[in-house]
Amino acid sequence: MSAAAVEYEPVIGLEIHVQLATRTKMFCGCELSFGDPPNTHTCPVCLGLPGSLPVANARAVHFGLMIGMALGCELAPRSIFHRKNYFYPDLPKGYQISQYDEPLCSGGHLGDVRIHRVHLEEDAAKLVHVGASGRIHGSDASIVDFNRGGTPLAEIVTEPDLRSGEQAREWLTLLRTTLRQLGVSDVNMEEGSLRCDANISVRPVGTQALGVKTELKNMNSFRFIERGIRAEVSRQQKLLGEGGQVVQETLHFDPASERITSLRSKEEAHDYRYFPEPDLLPVAIEQAMLEEARAAMPELPAARAQRLEQEVGLSSDSAHQLAFRADLGDYFEAALSAKVDPAPPAQALANWVAGDLVGRLGGDDGEGAGGGAGGDPNHSRVQASALAALVGLVSAKRISVGAGRQVLDRLVAEGGDPLAIVQSEGLEAMDGGEDLSAIVAAALTANADAAERVRGGNAKAIGPIIGHVMRETKGRADGGEVTRLVNEQLGL
Amino acid sequence: MIDRDEVLHVARLARLQLSEQEVQAMTGELSAVLDHIAKIGELDLDNVSPTSHVVEVTGALRPDEPVASLTREVALAQAPAVSGDGFLVPSPQA
């Protein structure tokens, strides 16, 4: 890039749709279901039959208030529903009941991203496209399953405070953990209970005005969101860099080909003609509802991180790592409270949970934690108390770090008791007695060159000597003790 | 006042196909309605909150308890076209 070229910075805002974990739909008593036979959970209200009347679900409002509290929003004492008018076969009434200029929650923030608003609405039905290609284009007919139609959704809209796809993914992970802690949603992207759109524009670095934005729709994993945003940002940067212009449109990102395609043509630009839903009364938030929501609030990730740092004494990084992945935080706290002797220091335990254990279980970004048990240590064979006992043994130098890792391999594969494994495998640490001294002496003889260089002041040359000792002792020797003996025997 | 283009735009959004005669009639009638509503703007309403609903009742919420749904047979019986266990519709982007 030449010095004169303008640099464009990405400006990204997110819209997140969260299916609320109520028992029934937003405006009728049909039970929510995932995976039930099509069209077995419908009634005149969610089919949009004439003469039917919606009534809002009190628990959906309750969940909406909890989300608002968690995000530090201002909760409207009175909010109303609007009709958002458009025609699509998944919307039987010809409008979606949503909220417009008087949403349940306004303002707020999560981490360093400001929240614009949170409102309640109903989900659309599911369309299955039939036809030769099986894809939406060129198919001649569609089949509608209304089971999902009318499911309560909270739509969370951020301010355009994000600057990269990576930041968006990290922030969404925090949001999902927060929502899961609240218990308001399953937040499962595969089942569609968490869906995300991104509004993306770029602007010359240093300017404030927003550029023309595009909307990247319905990306169904955090990884795709990150890649989709990155692809769209570079498309816009390239376009503007070549003197072109960004056109406001809705886009689809195909993760397989990394290609971005336009979803809707311009003449169908959004014009929803919102007006107040006359069939629903305004929702007045009474004191009792606020108190009920407040009483139901659990400890949230940000507060947990603060507690782990200040009260448990973890480093800031560890505290955030554990707090922002609730499964790790829960596991860590269960291990910390286990009665084991010797007891593990908290920071060492945190390092083993977030490092060695997670590394062995996979799923280090928490992506799998919503669906299967992928990466969740609570579902592994390693009991929290077993890890506590193991870290206790390592920290007390009863076994070496290397031996500890061997024991952990066994625990991950088979479960069991660390002390029993240590004893049956003969992994107790060697003390600095005669045996270890003799092995160190042999290692110095076998690595005479390295020994000479260490003696000459090259501390890094000690590697092969320590490696030799570790091989001979099957990792049971304590690294610090070996170093001490090497230096001692070399007269350093 | 509403002009002819706006009438055609609204008609398109509502999926209405209007004849030339209807477009002219609608332009006149809708303009009359809007002009009438615009009269409200002549009043000093600074201290009046908007009336989205004509009744001053709030708080009608429903407990989150399931009630029986329709059977699929009954639900599908209302549909003009059915395929298997679902409502058959023209493909939205065919």
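## Helix α11 of chain A

In this predicted model, helix α11 of chain A (residues 418-425) has A:Pro418, A:Ile421 and A:Val422 as its buried residues; a residue is buried if 20 or more other C-beta atoms, placed from the backbone, lie within 10 Å of its own, exposed if 12 or fewer, and partly exposed in between. Viewed down the axis of α11(A), these buried residues fall within an arc of 100°, so they line one face of the helix; the arc is that of the directions from the helix axis to the C-beta atoms. An α-helix has 3.6 residues a turn, so residues three or four places apart point the same way.

The other side of α11(A) carries the exposed residues A:Ala420, A:Gln423 and A:Ser424. The buried residues of α11(A) pack against α9 (384-395) and α10 (401-414) of chain A. After α11(A) comes A:Gly426, with a positive phi near 60°.

## Chain A as a whole

Chain A contains 15 helices and 18 strands; helices (H or I, at least four residues) and strands (E, at least two) are DSSP runs, numbered from the N terminus. Of its 492 residues, 41% count as buried.

The radius of gyration of chain A is 29 Å, whereas a compact globule of 492 residues would have one near 23 Å; the value is taken over C-alpha atoms, and the globule rule is 2.2 Å times the number of residues to the power 0.38. The C-alpha atoms fill a box of roughly 90 × 60 × 50 Å along the principal axes.

## Basis of the description

Residues are numbered from 1 along each chain as its sequence is written, and chains are lettered from A and ligands numbered from 1 in the order in which they are written. Local features need pLDDT of at least 70, side-chain atom pairs count only at pLDDT 80 or more, and totals for chains, interfaces and linings use all residues.

Terms used
Contact = placed C-beta atoms within 7 Å.
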